[in-house]
Amino acid sequence: MVRPSQLLHPQREPAPTRPAATVLLLRDSPLGVEVLMTRRSANASFVPGAYVFPGGGIDTADAQAHAQAARRPTQDDLRLTQAIAAIRESFEELGILLARTADGSPVTAAQVAAVDRQAPFFEQCRAQGLTLAADQVFVLAHWVTDRDLPRRFDVPFLVARMPEGQMPVADESEQFEPEWVRPADALRRHHDGQFFMIFPTIRTLERLEKFPTVDAVLQACRSEQPLWHSSPRGGLMGGKVLRYMEHDTAFGELLMVCPDGQVLHHLDWQSGQPVALLKGVMRLTAPNAGVMTGPGTNSYIVGDPDCGYIVIDPGPNDAEHIDRLWRATGGNLRMIVCTHSHADHFPGAKPLQALCANKPPILGLPSAPTARPSSVFTPDRALRDQETLVLEGGASRHTLKVVFTPGHAANHLCLIHVEDGLLFSGDHVLNGSTTVVDPPDGDMTHYLDSLDTLTAACGQYGIDFILPAHGYVLAEAVRAIAQLKAHRLRREAKIMAAMQARPDGGMDDWVALAYDDVPQRMWPMALRSMLAHVQRLQAQMQQPSP
């Protein structure tokens, strides 16, 4: 866990959340699923003028109306209360009533018209013998309003089929202009500036547009668990505030830098100056963006003026990048560490060392005989597995634990920031892509075993965040590593299937089958990792049976 003293911004308590519920009323059309949306009043206190789904706050009366609602055997009290609130809100705002009569038949339009939208809802339903069809309302998603906003809601996004024979009529106070719209059309109109929607609505429609029918949506929601949970975070990009969900590449960095939701962190990739991530951690990205390097190689600067600095991965031999590293440390460099000896990571080490009066040692692991000529590397001192590198001065202390992680390269290592629970992963774990494992210096079995080593280290040292050599910071370190390993093993299974389908084929035949979900222009790079998988599979086949 990051020490509070290392956070860049003062801690604060986000506004409390209020329970609410919203419902997506759906119907099938010849062109696909349509959803009922309505425009909020221009004078509304929350998202005025936005197109939304009907919904609102959950009242005490909603929880007291369980006896008036039908429920599924798997529908717990919370889900039942949320469904009742959504039914009530859809009636009050749009005059749509999901209910049945005493004989179990759906309410007719005439029966709906007999219920006064301005009078107490539950008393009228009870008087008319109506049962709320809460058993036909399912949870799609769970959203919690961003931490930086003054009004926050904890909201299930529910789904239900639009009842036959009813027509939406807006209340003309909270909601206006009800409209049936295909998700793709709503998204296109929003992009064109004609259909204003807020972030959760947009992201929900992006998911919804993938379903071909209403039945498919409802079937996906049968588990009683949301298909996704999200409490978005805001960051600054191109001078604008953008929102990010948990699966977005920038989310983990926002969580680490602004854990309380402040919208203060700039996400634009640039190489002109270091980006502060914590008080004792900066990132300077080299100007070598490309297909293999993404936005560029991240050099990390750990430490502060009191204890001096360690630079991790000084990057390529780029004079301006090296000068910026030196200036960011004030020349007070104690150590330079290279996670491995690929050409975008280590060549800047000696030029950076030469700028420093004290000539800090260059640390790492010597390249193996299998390394390519461009990756030959001899450090001033070879690091030992599990050794610690310590910066200490005044009240400051930064301890880095060395962990050997062969696989991407034979001499690859990672570093753990012990006090703050950070993993500097080099190229072993990346954000936004998977690393290439290129034999003979790369080895897939070693790579997968090293992922297990990192998983164990996460538990031992309480690692929450991964700082990769390419891309933003990753959160939920254990989960990220598990997803990466699962992805590798799924790919390996596809390679095995390709080899079995084309036993007389070669690499070019197999890559077309095993990487059919990857653009063909990327196959030359994919071939390198596929060879590592093939060698691993062939080695397993040659092992004697137990």
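**Ground rules.** I number residues from 1 along each chain as its sequence is written, and I keep to heavy atoms for side-chain values, with hydrogens and water left out. Because the model is predicted, local features need pLDDT of at least 70 and side-chain atom pairs count only at pLDDT 80 or more, while totals for chains, interfaces and linings use all residues. My helices (H or I, at least four residues) and strands (E, at least two) are DSSP runs, numbered from the N terminus.

**H11 and H12.** I looked up how H11 (residues 444-461) packs on H12 (residues 477-501): the angle is about 160 degrees and the axes are 9 Å apart. Axes here are lines fitted to C-alpha atoms, for helices over the stretch in contact, and angles run from 0 to 180 degrees between N-to-C directions. So H11 is roughly antiparallel to H12, a label for angles over 145 degrees. Which residues of H11 make the contact? I find Met444, Tyr447, Leu448, Leu451, Asp452, Leu454, Thr455 and Cys458, with contact meaning heavy atoms within 4.5 Å. On the H12 side I noted, among them, Ala477, Ile481, Lys485, Arg488 and Glu492. By class I get 11 nonpolar, 1 polar and 4 charged residues; Ala, Val, Leu, Ile, Met, Phe, Trp, Tyr, Cys and Pro count as nonpolar, Asp, Glu, Lys and Arg as charged, and the others, Gly among them, as polar.

**H6.** I checked H6 (residues 199-208) next, and 8 of its 10 residues are buried (under 20% relative accessible area, with exposed over 50% and partly exposed in between; 1.4 Å probe, protein chains only). The buried set includes Phe199, Arg203 and Leu208.

**Thr81.** This one sits in H2 (residues 77-94). Thr81 counts as buried because its relative accessibility is 10%. What joins its side chain to that of His66? I get a polar contact of 2.7 Å, that is, a pair of N or O atoms within 3.5 Å, where within protein one must be able to donate a hydrogen and the other to accept it, and residues adjacent in sequence count only if both atoms are side-chain atoms. Leaving aside neighbours within four places in sequence, Thr81 also touches Ile58, Asp62 and Ala63.

Most residues other than glycine have a negative phi, and most peptide bonds are trans. I logged a cis bond from Pro439 to Pro440, omega near 5 degrees, with Pro440 in the loop between E23 (422-426) and H11. Glu177, in strand E9 (residues 175-181), has phi near 50 degrees; it is partly exposed at 42%. Glu224 has phi near 70 degrees and is buried at 5%.

How values were computed:
Angles under 35 degrees count as roughly parallel, over 145 as roughly antiparallel, 65 to 115 as roughly perpendicular and the rest as oblique.
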